[in-house]
Amino acid sequence: MDSINFDILQQPDFAMLRVKLRQGQRIFSEPSAMASMDPSIGLKAGLKGGLLRSVGRMFAGESLIMSTFTAERGAGEVMFAPGPAGDVVHYPLTGGRLMLQRGAYLAHSDGVDVSAKWEGARGFFSGQGLVLLAATGAGDVFFNAYGAVLPIDVTYDFMVDTGYVVAFEDTLKYEVSVLPGLGLGGRIKSFFFGGEGLVVRFSGQGKVWVQTRTVNPFLSFVYPYRPQKKSD
């Protein structure tokens, strides 16, 4: 595994990923994530893994196109800034599989394959989507979240609201269910419209990453303060 030399700046509120590539080394990312790069770095954008894999990633909330940054003219530095205002996490993949929630993917090194995984009825009906991203292989994976990120080691059972799950190791089994104690009306609303009341129940042994904020509650908070057109 050709490890990437990196550091993560400005954690946890407005994190940025700084990658220092050696001659010939590459890193892949979402096309809108690059903030700056040295002139020694070459950039190419295109489909990675073929059309079907690219379309699958699009259904998982990522771009159809992926950017490739290569240190073509000597060593160089690339800075990545994710869209959400929050943290960036590094995960060293060593042959297992890391599952990423919709919009969480930021970048990965050579040796890693990122593809879509259809979850069917187990998908996150809270608006997060029915397709997750699966990172496999051996290399470096970087993902981001809205807010700070809490890593949690699960050794038996653990429940997380669907909107707060960022990533988890596939050694964990999971199922989506309604929060115990929720009435029939709340169950129907959660199933069809998403929102509070749907939880992911993880079991087994592995790690799950939970973000400290979600977008929808924030939008509900600022909505009353929006500018409104006064009637004549």
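## A strand pair in the sheet

Ser36 stands opposite Met79, a residue of strand β7. Strands here are DSSP runs of E with at least two residues, helices are DSSP runs of H or I with at least four residues, and both are numbered from the N terminus. The model is predicted, so local features need pLDDT of at least 70 and side-chain atom pairs count only at pLDDT 80 or more, while totals for chains, interfaces and linings use all residues. Residues are numbered from 1 along each chain as its sequence is written, and side-chain values use heavy atoms, with hydrogens and water left out.

Strand β7 covers residues 76-80 and is joined to β4 by 3 bridges, the two strands running antiparallel. Two strands are said to pair if DSSP finds at least two bridges between them.

## The open sheet

Strands β4 and β7 belong to an open sheet of 4 strands, in the order β1-β2-β7-β4, with antiparallel pairing. At the edges stand β1 and β4 (34-37), each of which pairs on one side only. On average, neighbouring strands of this sheet are turned by 20° against each other, direction ignored. For such angles, axes are lines fitted to C-alpha atoms (for helices, over the stretch in contact), and angles run from 0 to 180 degrees between N-to-C directions.

## Salt bridges

Side chains of opposite charge can pair when their charged atoms come close. A salt bridge is counted where a side-chain nitrogen of Lys or Arg lies within 4 Å of a carboxyl oxygen of Asp or Glu. By this rule there are 5 salt bridges. One of them joins the side chains of Asp7 and Arg18, at 2.5 Å from N to O. This pair links distant parts of the chain, 11 residues apart: Asp7 is in strand β1 (residues 5-9) and Arg18 in strand β2 (residues 16-21). Asp7 counts as partly exposed because its relative accessibility is 24%, and Arg18 counts as partly exposed at 23%. In these terms, buried means under 20% relative accessible area, exposed means over 50%, and partly exposed lies in between (1.4 Å probe, protein chains only).

Another salt bridge joins Arg97 and Asp170, at 3.2 Å from N to O. Arg97 lies in strand β8 (residues 88-100) and Asp170 in the loop between β14 (165-169) and β15 (172-178), so the pair links distant parts of the chain, 73 residues apart. Arg97 is partly exposed, at 29%, and Asp170 is partly exposed, at 33%. The side chains of Arg73 and Glu72 also meet in a salt bridge, at 3.4 Å from N to O. Arg73 is exposed, with 53% relative accessibility, whereas Glu72 is partly exposed, with 38%.

## Aromatic pairs

The structure holds 8 aromatic pairs. Rings of Phe, Tyr and Trp (its six-membered ring) pair if their centres lie within 6.5 Å; planes under 30 degrees apart count as stacked, over 60 as edge-to-face, and the rest as tilted. Phe69 and Phe80 form an edge-to-face pair, with 5.3 Å centre to centre and 80° between the planes. Phe69 lies in strand β6 (residues 66-71) and Phe80 in strand β7, so this pair ties together parts that are 11 residues apart in sequence. Both Phe69 and Phe80 are buried. Elsewhere, Tyr91, Phe143 and Trp209 form one aromatic cluster.
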